[in-house]
Amino acid sequence: MGILDYFRSGSDWSVIKVKEFLNENDPDDYNLVDVRQPKEYESEHLPGAKLIPIKELPDRLDELDPTKPTITY
Amino acid sequence: MKGGIKAWNGLKAEGYPEVAMNYFGAAASTEELVVLAWLLEEATRKLYRNISEALRDQSLILLFHDLAQGEEQHKSVLEGLYMEFAAGTAAAGIEGHRLSQSKGGDLTEGGVRLDEALQWLRGRKERDILEFAVSLEANAYDRYLTMWRLIENERSKRIFESLFRAEKQHLERLIEAFEGTL
């Protein structure tokens, strides 16, 4: 399974749609990933977001559940 | 998410939630995890009680009084978990536990020391106090959720699941009050 399998049906969600999704779904039912750099994450991030800098994503895919929707920012 | 975090106008947390592992790392057992969580709730209860006593707006006084009561309820849930996990082996309750004696409950659940929070809050406007409380709860939610995800032990996960779900409810009330000041 490659990186593209996680984003097969990817599309840009609006902030409103992301908010609705996070409110309506249990944290156990999705992956929320911050793909920025550590200092950016430390400064501020969405509560519950996991930090995986974009360059590290290919090597850390096993930290995400591919059966669940993945929201990145 | 379109626009990234710059477009985000919702809740934000700061710092690395994994630092909670440093605090909870002092626990040698699941029961001790509960004690440490209980201490955070107690410090936050004291904080909200202090805030409610310092405010003038009746609706905000009631809000922080209710939040303090909410933290008391969280403590009750944790006390129940403690008795379940200790299964009659605990000689004393949570308050008599060695960790309660040594840690003293000086850290709130958002990671801010109680005395520093009270110092900072002196003389602040109500909107600033609300913003501070939202930030505190957002960080608490972030940390508890992260702990829930990181911990594998099912009993320990139950502790953090109950906490992050409770914090989410507090956040909803605080955000509603904060948006009312805008």
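Helices (H or I, at least four residues) and strands (E, at least two) are DSSP runs, numbered from the N terminus. The model is predicted: local features need pLDDT of at least 70 and side-chain atom pairs count only at pLDDT 80 or more, while totals for chains, interfaces and linings use all residues. Residues are numbered from 1 along each chain as its sequence is written, with chains lettered from A and ligands numbered from 1 in the order in which they are written.

Of the 73 residues of chain A, 21% are buried; a residue is buried if 20 or more other C-beta atoms lie within 10 Å of its own, exposed if 12 or fewer, and partly exposed in between, with C-beta atoms placed from the backbone. Among contacts in chain A between residues at least 6 apart in sequence, 51% join residues at least 24 apart. Two residues are in contact if their C-beta atoms, placed from the backbone, lie within 7 Å.

A nonpolar core is a set of buried Ala, Val, Leu, Ile, Met, Phe, Trp, Tyr and Cys residues joined through C-beta atoms within 7 Å. The largest has 46 residues, and B:V34, B:V35, B:L36, B:A37 and B:Y144 have the most contacts inside it. The elements of chain B that give two or more residues to this core are listed below.

| Element of chain B | Residues |
|---|---|
| Helix 2 | 20-24 |
| Helix 3 | 30-54 |
| Helix 4 | 58-86 |
| Helix 7 | 126-150 |
| Helix 8 | 154-179 |

Helix 3 of chain B gives the most to this core, with 12 residues. Apart from this core lies another, of eight residues, among them A:L32, A:I52, A:I71 and A:Y73.

Helix 3 of chain B also packs against helix 6 (residues 114-121) of chain B, at an angle of about 20 degrees and with the axes 10 Å apart. The contact is made by B:A43, B:K46, B:L47, B:N50 and B:I51 of helix 3 and by B:L114, B:A117, B:L118 and B:L121 of helix 6.

Between the chains, the contact takes 19 residues from chain B and 16 residues from chain A. On the side of chain B that touches chain A, the largest share, four residues, comes from helix 7 of chain B.

Note on methods
Axes are lines fitted to C-alpha atoms, for helices over the stretch in contact, and angles run from 0 to 180 degrees between N-to-C directions.
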